[in-house]
Amino acid sequence: MSETPRLLRALGGETLDRPPIWFMRQAGRSLPEYRELRTRATDFIAFCHNPEMAAEATLQPMRRFPMDAAIVFADILLIPRALGQEVWFEAGEGPRLGELPDITRMAGEVEASTGRLSAIGETLARVRAELEPERALIGFAGGPWTVATYMIEGRGSNREAARTFAYEHPEKLDALLRVLVDSTARYLIMQARSGAQALKIFESWAEGLAEDVFERIVIGPHRAIIEQVRAAGVTAPFIGFPRGAGALVETYARAVPVEGVALDTQASAELGRRLQAGGKTIQGALDNLLLRAGGPALDARVETLLAQWSGGPYIFNLGHGVMPDTPIAHIARVVERVTGKPAKAVAAE
Ligand code: CP3
């Protein structure tokens, strides 16, 4: 059997006997062993910057489930912090950010920001050394627009303030996006050199954008990141996740040289097949709420997804991350259906 990880074969455009599988947020609060590990860190940011703990969190779901890929345990908000903006997490409420620093000042921090993220490189190296060769390791960063929404609004929100900012202060937003493109490209280059074999851009808030705005603040920055990463000689495939882009997903896929396009819950069978026919590998789009709900509806949807997309390059995944209160048995059942391999019990149970 080929040792090239199934995930990388799929991203290389191969149609496989079964799709590789991994889940967004497969590490994290749905696992009791994660909740136990989490109590040992003072705060979430410190956890992400501790290679020993972050590597352990990355590997936890790999021990339990026969996933074909691990995703490094980190967060999209580590970049604003590395650029000098304060970031913290309020228990039960999510991320909070301090005032947006002066953009020219942040531009001067781009080079130093990569060094401030070196712990994530160490995490990747540790995980790659422990993971079986047939299982791939994914590195990631947030899409510049999504990260900018948090930097502008100071928290997760409906993004109205950030979208208004895009119209009222276009030069300022473009300058901020340039800083994020440059720091993100350097960060992804560092991740690839540290062991990441595929790179994912999480543009989680790509919804509700007018076409011209989408082209300017999503497509342009994604193209620029990939151009910089390729110019550095990094060949790892990219997965772009323009979550919520709806009808603009195909515009995205045509314009951005990603190997894979991650689809959200709404993606139609037809859309996925058109993307495959256009040369893209697709990933997604199982509803994370259905994964949590379980039962015959989940089984039926898994069969539908496998039937509609397995004829082309396809990576089985969710349309968004695993919800913290998802029963482990539901995850185990889906992974076993796709891989034919059972999950294992771990000591924490
Ligand atoms: O397993 C994986 O997918 C890898 C790890 C990962 C995390 N965050 C860990 C995390 C990844 C890929 C992310 C990406 C991320 N972070 C996104 C994009 C993906 C998406 O879900 O749309 C976004 C928008 C963020 C920002 C962020 N980080 C939010 C909104 C929150 C709060 C969520 C909450 O429910 O508290 C986080 C914190 C976070 N990131 C947690 C984890 C496991 C929970 C924090 C904890 O354990 O205390």
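A residue counts as near a molecule if one of its heavy atoms lies within 4 Å of that molecule. With that in mind, welcome to this predicted model, where local features need pLDDT of at least 70, side-chain atom pairs count only at pLDDT 80 or more, and totals for chains, interfaces and linings use all residues. Residues are numbered from 1 along each chain as its sequence is written, and side-chain values use heavy atoms, with hydrogens and water left out.

**Around the ligand**

- The ligand is surrounded by 21 residues, and the closest are Arg25, Arg29, Tyr34, Asp75 and Ser204.
- This shell has 14 nonpolar, three polar and four charged residues (Ala, Val, Leu, Ile, Met, Phe, Trp, Tyr, Cys and Pro count as nonpolar, Asp, Glu, Lys and Arg as charged, and the others, Gly among them, as polar).

- Tyr34 places a polar side-chain atom 2.4 Å from an oxygen atom of the ligand.
- For Gln26, a backbone N or O atom lies 3.3 Å from a ligand oxygen atom.
- Asp75 has a polar side-chain atom 2.6 Å from a nitrogen atom of the ligand.
- On its own the ligand has 890 Å² of accessible area (Shrake-Rupley method, 1.4 Å probe), and the protein covers 87% of that.

**A hairpin to look for**

- Strands here are DSSP E runs of at least two residues, numbered from the N terminus, and two of them pair if DSSP finds at least two bridges between them.
- Strand β2 (residues 87–90) pairs with strand β3 (residues 94–97) over four bridges in the antiparallel sense.
- Trp88 has Arg96 in β3 as its bridge partner.
- Three residues lie between β2 and β3 in this hairpin, and Gly92 in the turn has a positive phi of about 75°.

Terms used: A polar contact is a pair of N or O atoms within 3.5 Å; within protein, one must be able to donate a hydrogen and the other to accept it, and residues adjacent in sequence count only if both atoms are side-chain atoms.
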